[in-house]
Amino acid sequence: MKTLKNGNDVNTRVGKRKKRGKTKRIFWGILAALLVGIAGFAYYEYHTVKNVADSAYKSGGISSAENGSKNSVISSSKPIAILLMGTDTGALGRTYKGRTDSIMVAVLNPKTKKTTLVSFERDQQVNLPDYPDKSPSKLNAAYAYGNAKELAKVLKKYYNIPINAYVLINMGDLKTIVNKVGGIDIAPVLSFSYEGYTFTKGKTTHMNGAKALAYSRMRYDDPQGDYGRQKRQRQVLSALLKKAESATTLLNSSFISSLSKQVQTDLTFADLTSLAKNYLAATKNLKTDYTHGTGYMQNGVSYQKISVPERQRISNLIRKALGLKTKKISTDSIDTSTSSSTSSSSSSSAGNTPGSNASGSTTAPGSDTNTGSNYNSNYGSNSTYNSGYGTQDSSQNMYGQNTGTGY
């Protein structure tokens, strides 16, 4: 047998090299197979998500806004205003669309990395631009008559804010969405029991979908009425945003599939991909707010009066979040409509100001994190409301316009 000077067998060394070469081929073969498998899975996920996203797409007829069209805003990663509407009258495949009981505008600003979420009082009395024969009406009727396009027009008319896109959610199936993200953690803003669930104020609770739905749904036992429900809905939505801080969550086929039958939107798959890539950082810094109104009855129907100064405040807030200059809002004949049966704000059963609690102390006029001590001085209590805008005269036009003095 031929040997080397150091006594090692040549055939032995060659054998070892052959063995190592075979091992490498096996390793790279397995790795290649894994990569192919992963690529195939990614391809499957991609097309599954795309197909589901495409099935949820429905044009809302929203035209190009002041800050640009939806496509130009998203492609340039500019601040975007998305109209969020919640309906609780069944699956979205129903023939009857129903009214939007929850109306919010979310502004995502990737430059400042901030999100601003504002709730709009659904009972605000408005004139519908495209449906004068249906006016005056409540804000939540705009979608029922003219889809997202009409509601966007109303918000432009009364608040001078642009809307770039919309998302319509069936709130009745909110539980499915919450379950898909593994539940959410919320510290209830008040103690109550509803639909078999008990909530304790200030005690952080991990909620599954059913419990979160019950928490966001209760209205009549809340001393702040619909305002209180809006606040709890913003809590749930904020918690969901925190759970969806990665593209992995947002574009997961299982998650998207759970939304397809309960969500309609004019955001395409490409839009969602861009939002997940360029806008998610903005959801980590969230500010919430809501419109404050005063309740009154007119022709047997309860409405909410949102004063001109309050509408201007909300307009300024949203426009600044979008990086736009503030503009003076226009007034409308509906602004002068009040009633001799004007009640205190529906957000309170004892206080005079929106945001007051059962004892009459203010809790959150302005943003949810602000105190409300300055609300009376800024916007006036109910007594200053009547003197500032005039009481209802017996002479009214078809829109309920007050013809008395004072405005």
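Are Lys70 and Asp271 buried or exposed? Both residues are buried, where buried means under 20% relative accessible area, exposed means over 50%, and partly exposed lies in between (1.4 Å probe, protein chains only). The structure is a predicted model, in which local features need pLDDT of at least 70 and side-chain atom pairs count only at pLDDT 80 or more, while totals for chains, interfaces and linings use all residues. Residues are numbered from 1 along each chain as its sequence is written, and side-chain values use heavy atoms, with hydrogens and water left out.

Confidence is given as pLDDT, the predictor's confidence in each residue, from 0 to 100. The chain has a mean pLDDT of 73, with 63% of its residues at 70 or more. Helices (H or I, at least four residues) and strands (E, at least two) are DSSP runs, numbered from the N terminus. Where pLDDT is low, the predicted coordinates should not be read in detail.

A salt bridge is a side-chain nitrogen of Lys or Arg within 4 Å of a carboxyl oxygen of Asp or Glu. By this rule there are 11 salt bridges. One of them joins Lys70 and Asp271, whose closest N and O atoms are 2.9 Å apart. This pair links distant parts of the chain, as Lys70 lies in helix α2 (residues 70-75) and Asp271 in helix α9 (residues 269-278), 201 residues apart.

A further salt bridge connects Asp123 with Lys138 (3.4 Å, N to O). Asp123 is in the loop between β3 (114-119) and β4, and Lys138 is in strand β5 (residues 137-138), 15 residues apart. Asp123 is buried at 9% relative accessible area, and Lys138 counts as buried at 17%.

Arg232 and Asp222 form another salt bridge, with closest N and O atoms 3.0 Å apart. Arg232 belongs to helix α6 (residues 225-243) and Asp222 to the loop between α5 (209-217) and α6, so the pair ties together parts 10 residues apart in sequence. Arg232 is buried, with a relative accessible area of 0%, and Asp222 counts as buried at 8%.
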